[in-house]
Amino acid sequence: MIHSLFLINSSGDIFLEKHWKSVVSRSVCDYFFEAQERATEAENVPPVIPTPHHYLLSVYRHKIFFVAVIQTEVPPLFVIEFLHRVVDTFQDYFGVCSEPVIKDNVVVVYEVLEEMLDNGFPLATESNILKELIKPPTILRTVVNTITGSTNVGDQLPTGQLSVVPWRRTGVKYTNNEAYFDVVEEIDAIIDKSGSTITAEIQGVIDACVKLTGMPDLTLSFMNPRLLDDVSFHPCVRFKRWESERILSFIPPDGNFRLLSYHVSAQNLVAIPVYVKHNISFRDSTSLGRFEITVGPKQTMGKTIEGVIVTSQMPKGVLNMSLSPSQGTHTFDPVTKMLSWDVGKINPQKLPSLKGTVSLQAGASRPDENPTINLQFKIQQLAISGLKVNRLDMYGEKYKPFKGIKYMTKAGKFQVRT
Amino acid sequence: MSSNSFAYNEQSGGGEATELGQEATSTISPSGAFGLFSSDLKKNEDLKQMLESNKDSAKLDAMKRIVGMIAKGKNASELFPAVVKNVASKNIEIKKLVYVYLVRYAEEQQDLALLSISTFQRALKDPNQLIRASALRVLSSIRVPIIVPIMMLAIKEAAADLSPYVRKNAAHAIQKLYSLDPEQKEMLIEVIEKLLKDKSILVAGSVVMAFEEVCPDRIDLIHKNYRKLCNLLVDVEEWGQVVIIHMLTRYARTQFVSPWREDDGLEDNEKSFYDSDDEQKEKTDKRKKPYTMDPDHRLLIRNTKPLLQSRNAAVVMAVAQLYWHISPKSEAGIISKSLVRLLRSNREVQYIVLQNIATMSIQRKGMFEPYLKSFYVRSTDPTMIKTLKLEILTNLANEANISTLLREFQTYVKSQDKQFAAATIQTIGRCATNISEVTDTCLSGLVCLLSNRDEIVVAESVVVIKKLLQMQPAQHGEIIKHMAKLLDSITVPVARASILWLIGENCERVPKIAPDVLRKMAKSFTSEDDLVKLQILNLGAKLYLTNSKQTKLLTQYILNLGKYDQNYDIRDRTRFIRQLIVPNEKSGALSKYAKKIFLAQKPAPLLESPFKDRDHFQLGTLSHTLNAKAAGYLELSNWPEVAPDPSVRNVEVIDLAKEWTPAGKAKNENPTKKFYSESEEEEDSSDSSSDSGSESGSESGEEDEEGDSSEDSSEDSSSEPESESGHQSDTENRRAAKRNSKTKGKGDSKDGKKENEKSKTSDSSNAESSSVEESSSDSESESESESESESRKVTKEKEKKAKQDRNRLATDASLLDLDDFNPVSTPVALPTPALSPSLIADLEGLNLSTSSSVISPLRT
């Protein structure tokens, strides 16, 4: 299946290569570079590139292209999903996934890749298993290893690999037993000129951090499970139980994992927590335009909106902007024409606004479209859909764990057309 | 690391240092160009010395640096002799890194690689399954043709290994050997056949992968394993699921008859009529003569459904394509929600999923109509995503939603991404042709765009308007006049050519303007683009034929210009037109028909989706994405007219059981007995088991197998660790056995339920279910006897037991009861950390290999 993997940085250097079958010359990447040139922007490089003898499937993350070389028919999503899993694993191992980090840990990277694929077919992709086979590098462990001469490589097959719960390590022990769940909801919306909603939907995830001793069996129930329209589970969740009782029942992996992602049914009206008032005009006669935006809270259920950032891609004809914000800081990059305004918290008594003038290129025609405004924000302790966790129970172990649940709402792809 | 190298350098004097150095100079890779030439040479010398030192830490450092070189693509092949010596190192990390090195370079240095073979052969017999597995992995990965027989032997042995992990690796090795030496195909198929019967979830995905690669046409090997694969599917790891689902899709298309009614969609009102006389779930898929779905077909569709909830996009897509290709059309609707969910994922996933949705949305619009708004374009999407979304929106457009869509398109046209704006205009054109109600609205909208300030937008509009006008040429003189005026300002060649063509076609409708346009064009002829020149020639010819009084001289002037043009196409065209339209003595019969030829009624172009012809590829495949057949693409066959014999899928369970239990264990033992059995008591317990055997009346294959295998496991486990500690191994024994029977009991009851759900046509299912009852009743009696001390055998055992043992057993037995009667499972007992881990692992392996059709308690 997957023949080889090349890691390419943003300046076009191949800084790592790994082959699972016979060696494929790195000149195969020339086809990739060609496509990259044609695409101009990194995110426009096609994920699938055919070459005379191979196919190049790539993902782009953390400014690195992960290019897999394959030779025969294979479902493209299989490869793409796997590459993403590789990136996730690196992130899990090293905290960040960047070129210097990968270069520093090249041996661990190589050992991990070796375990993840055999003959191009995934062998072990669960991070709990991988970490037992190859321990992530930490400072302490490096010191211990140099003194005692022990190694980072486990010499036993992780028991998880053979058990019916392959995602969980065995023999987990903690002095403090804790289970935390974060319910994070994102609002995707498109708001039109007049402020009415064109489309809005809520996507949510429940991320968990479970540090529990032994083999706990958890159940998580909701007050209002009907809200969830479409869900996807971590493999640990028992599907039948969800089907029949709408209860999440699972033996959790050890550590951080995403338990559930869901989509809130479209029938429910989505409360839009912020509004943007805008007045943007580019005038023809003078080469000056007016620019004014105000952000205010709408349906926030009494919570404060934080971390508001407004970004907007200005048309090419814009030379510069002289703006003054009532709060926060703003920047305008005259090269990329990107305006960004870090607002911070919204105080309902004193709405933040950004006003000023836009200077346009003299002689050039007036831009015919007003820019789209992208919004980011955060609301703590609120799940905008109203989803509520009812209770979390543990079976199978005797101790009393500490349980915590946190709610948060964020802007996903939130756009205001002007 | 590199700072250490000097220190190590002094430790061991390298005898061959000079020789090596010379080798090194010749092999330094070009990519190392930035490093100093001499320092590179020295480094390799260092490495060699480090490898020959007797300190593990030095060797490890050297290996790490070598792996670093390999990763960067530098050549490290001259170190081969020094590295290969360390293949037998005791240090597992060094060993692993040597393996990495070997796999990379063995192909280049075949003779030297042979030195390592004996080490692997020894490792293949290692008691640690991880070492056995990795030895097999490396042995099969070094592509040296001479060792093919050794590999074959190793694979055969590994395929019968007790550890499912080793068997999984054997499945992978099959593919490697096949690519190294295709001549081994026949032998390998035998191994595949054997491994296909494996019941471990660990092996299933890998062996199906091997099957797909080596012998995808041997569909007959699947028959007997079909039901097992369907039932195991939920518990197989994600990657295996994808492969199995794709294979089963192909299988289903060859073995079952089509569930699609030919006149699908027309007979909706008849549904209720047929509903009543069919108790099966397939309500809607009947033809004139009632169609009943093969229960195996149904099994596959039912068992894949939960996987739509997978977090893995590849699995979701695989299920989606399965539903698309083999489920009744009325049931395929459930996949759209899951596919739309994937659109929240990364750009690459979106790209593939959108492509597949685009193909689906052409054939079955209704499926995605409710999700129309999910395909609205955001300004932050990459261009390729935008165009795909646009494509889907076009496919979904209909009378009901077109007005909303057109409003949405208006925003897109104004986008700063001009490529996308142009694509939107084409889309509007396609909507206008597909939906006649809005043709006029679209046309006027497009005409408005003609005054847009952006040239690309205008040009695209002109081209689209041209196509639209061609379809209904009668009216629209005004638009043509408007476009004629545009000729002064617009510079994009395609647009200019389009306008000229339009005027030429409609020259009789705009008799005043057309000659004037020709006049202007004659003036600028020499500076025009080739494309425009050709259209000027055409316009001239058409006007000459219809209005020769005004345009005769102009046309001749243009023809003269064309005669000496640089481009031969234009010279050719000029010559051709002159002969055709200008009457002279030589001109033949054709010139009479010149007018008919030039001003013939031309068919309007069809505006079609670029995804129209992709549906002959299986969805979700690489070939579909590329719209070209990729190497190794397996065609999806058409439904057979008559279903092949379904009985081939019936399984004689006994066969399977014998397959995996090593020979010489003919004794028939009740699995529950294992609670008490100790190696010395084998006589005894087998006695009592024969009793219970006759009690239960019917002999079933399933039980046979369990009896055999659990006995096996007990023996194995007792023989292995006995040297270590007598007492411990005893208790381990018991625990392992408990686990065994426990999982079995649970699984059985579950199996039984499944079987009962199924229609009871097949013999095997009957046999199985009976065995289930039996075993469960056994375990019941066990627990009863535990409390009431009724049964003879149990009391006898009891006497031998210490009291604390009994207590523990009692709780265990009750646990087992719970398991049997509670379909919602409690977690399976896992080995306690007090036991030696390798033993646990091995026991665990045994457990799975023998009792595995059942290991699904968790995710079902």
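**Figure 1. A left-handed crossing of two helices in chain B.** In this predicted model, α27(B) and α28(B) cross in the left-handed sense. Helix α27 covers residues 477-486 of chain B and helix α28 covers residues 493-505 of chain B. Their axes come within 10 Å, with a crossing angle of roughly 140 degrees. That angle makes α27(B) oblique to α28(B); the oblique class applies here because roughly antiparallel starts only over 145 degrees. So who meets whom? On the α27(B) side, look for B:I480, B:M483, B:A484 and B:L486, which meet B:I499, B:L502 and B:I503 of α28(B). The residues of this contact come out as seven nonpolar, with no polar and no charged ones.

**Figure 2. Where the two chains meet through a pair of α4 helices.** Here helix α4 of chain A (residues 106-116) packs with helix α4 of chain B (residues 56-72), their axes coming within 9 Å. The crossing is at roughly 75 degrees, which makes α4(A) roughly perpendicular to α4(B). From chain A, the view shows A:V106, A:V107 and A:Y110 of α4(A). Facing them in α4(B) are B:K64, B:V67, B:G68, B:I70 and B:A71. Sorted by class, the α4(A) and α4(B) contact has six nonpolar residues, one polar and one charged.

**Figure 3. B:E391, a glutamate tucked into chain B.** You'll find B:E391 in helix α22 of chain B, which spans residues 383-396. Is B:E391 buried or exposed? With a relative accessibility of 8%, B:E391 counts as buried, because the cut-off for buried is under 20%. Leaving out residues up to four places away in sequence, B:E391 touches B:A358, B:R430, B:S609, B:P610 and B:F611.

**Figure 4. The β1-β2 hairpin of chain A.** One place to look is A:F6, whose bridge partner in β2(A) is A:E17. Five residues lie between the two strands of the hairpin. In that turn sits A:G12, with a positive phi of about 85 degrees. As for strand β2 of chain A (residues 14-19), six of its six residues are buried, so β2(A) is largely enclosed by the rest of the structure.

**Figure 5. A three-stranded open sheet in chain A.** Reading across this sheet, the strand order is β12-β10-β22 of chain A, with antiparallel pairing. The edges belong to β12 (247-250) and β22 (389-395) of chain A. Each has a single partner strand, so one side of each is left without a neighbour in the sheet. From one strand to the next, the twist averages 15 degrees. Zoom in on strand β10 of chain A (residues 217-222) and you'll see it joined to β12(A) by four bridges, the two running antiparallel. Within this pair, A:S221 stands opposite A:I247 of β12(A).

**Figure 6. A nine-stranded open sheet in chain A.** This one reads β11-β13-β9-β8-β23-β21-β16-β19-β18 in chain A, and its pairing is mixed. Which strands stand at the edges? They are β11 (228-233) and β18 (329-333) of chain A, each with a single partner strand, so one side of each is left without a neighbour in the sheet. The twist from strand to strand averages 15 degrees. Further in, strand β21 (residues 373-380) and strand β23 (residues 402-416) of chain A pair antiparallel over six bridges. There, A:N374 stands opposite A:Q415 of β23(A).

**Figure 7. The two chains, for orientation.** Chain A has eight helices and 23 strands, whereas chain B comes to 42 helices and zero strands. Of the 418 residues in chain A, 57% are buried. For chain B, with 860 residues, the buried share is 59%. Taking contacts with a separation of 6 or more, residues 24 or more positions apart account for 69% of them in chain A. In chain B, the corresponding share is 71%.

Notes:
Residues numbered from 1 in each chain as written. Chains lettered and ligands numbered in written order. Predicted model: local features only at pLDDT ≥ 70, side-chain atom pairs only at ≥ 80, totals over all residues. Heavy atoms only, no water. Buried < 20%, exposed > 50% of the residue type's maximum accessible area, 1.4 Å probe, protein only. Pairing = 2+ DSSP bridges. Axes fitted to C-alpha atoms, helices over the stretch in contact; angles between N-to-C directions. Parallel < 35°, antiparallel > 145°, perpendicular 65-115°, else oblique. Left-handed = near helix turned anticlockwise from the far one by under 90°. Contact = heavy atoms within 4.5 Å. Nonpolar A, V, L, I, M, F, W, Y, C, P; charged D, E, K, R; others polar.
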